[in-house]
Amino acid sequence: MTQTIQDKNKEIVLKAFDTLFNKRDYGAAERYWSPNYIQHSAHIKPGRDGLFKLIKSIPLTLKYEPGTIVAEKDFVIVHGRFSGIGLPVNWIAADIVRIKDGILIEHWDVIEDEATQEQSKSGRPMFGDSFTK
């Protein structure tokens with residue numbers, strides 16, 4: 001059974017995120033991020049170097065958990081949770097990446113502080129099936 005380009009792109013993004021955020025293997029991560037990587041996030045300095053420097057500055061407790069992932073042509077969107085980031089609350093993010101020739105070349109994100117059960121007006125968690133403790 002052959003994979004669609006969308007399935008391959010989703011697999012690339014999940015491996016790239018795990019390699020950089022969870023394993024912190026910067027050498028391996030260079031294979032996933034283009035040297036000409038375009039960063040649209042307001043909180044990250046330009047390029048691959050800006051992203052890698054940010055991750056190096058975050059505590060080693062950083063953990064990334066992917067949730068829903070969708071792909072269309074050369075775009076992939078992952079809804080995920082960043083925890084252990086050295087802030088009072090976790091971040092819930094929708095990361096949008098563009099892939100070309102198997103590497104990440106462009107990124108946008110939408111980030112929100114994760115609400116507790118007491119803060120959630122809907123009474124539902126922002127990520128997963130239950131609230132974190």
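How many cavities of 30 Å³ or more does a search of the whole structure find? One. Keep in mind that this is a predicted model.

Why search this way? Rolling a probe the size of a water molecule over the atoms shows where empty space is left.

Let's look at the cavity. Its volume is about 180 Å³. The lining is made of 19 residues. Find Phe21, His43, Ile44, Leu54 and Phe82 on your screen; of the lining residues, these lie nearest the centre.

Which elements give two or more residues to the lining? Two are helices, α1 (5-22) and α3 (47-57). The others are the strands β1 (33-39), β4 (91-100) and β5 (103-113). The largest share comes from β5, with four residues.

Nonpolar residues number 15.

Next, the core. In soluble globular proteins, nonpolar side chains tend to be buried together. Here, the largest nonpolar core has 27 residues. Those with the most contacts inside this core are Phe17, Leu20, Phe21, Trp33, Leu51, Ile55 and Leu104. Helix α1 gives the most, six residues. Other elements also give two or more, among them α2 (26-29), β2 (63-72) and β3 (75-83).

Phe21 lies by the cavity centre, among the lining residues nearest to it. Phe21 is also among the core residues with the most contacts. What does Phe21 touch, leaving aside its neighbours within four places in sequence? Leu51, Ile55, Leu62, Tyr64 and Phe82. Phe82, too, is one of the residues nearest the cavity centre.

Terms used: Residues are numbered from 1 along each chain as its sequence is written. This is a predicted model: local features need pLDDT of at least 70, side-chain atom pairs count only at pLDDT 80 or more; totals for chains, interfaces and linings use all residues. Side-chain values use heavy atoms; hydrogens and water are left out. On a 1 Å grid over the protein atoms alone, a cavity is a set of points where a 1.4 Å probe fits but cannot get out, and a pocket is an open set with protein on both sides within 12 Å along at least five of seven lines; lining residues have an atom within 4 Å of a point. Grid points are joined across faces, edges and corners, and a volume is the space filled by probe spheres set on the points. Ala, Val, Leu, Ile, Met, Phe, Trp, Tyr, Cys and Pro count as nonpolar, Asp, Glu, Lys and Arg as charged, and the others, Gly among them, as polar. A nonpolar core is a set of buried Ala, Val, Leu, Ile, Met, Phe, Trp, Tyr and Cys residues joined through side-chain atoms within 4.5 Å. Buried means under 20% relative accessible area, exposed over 50%, partly exposed in between (1.4 Å probe, protein chains only). Contact means heavy atoms within 4.5 Å.
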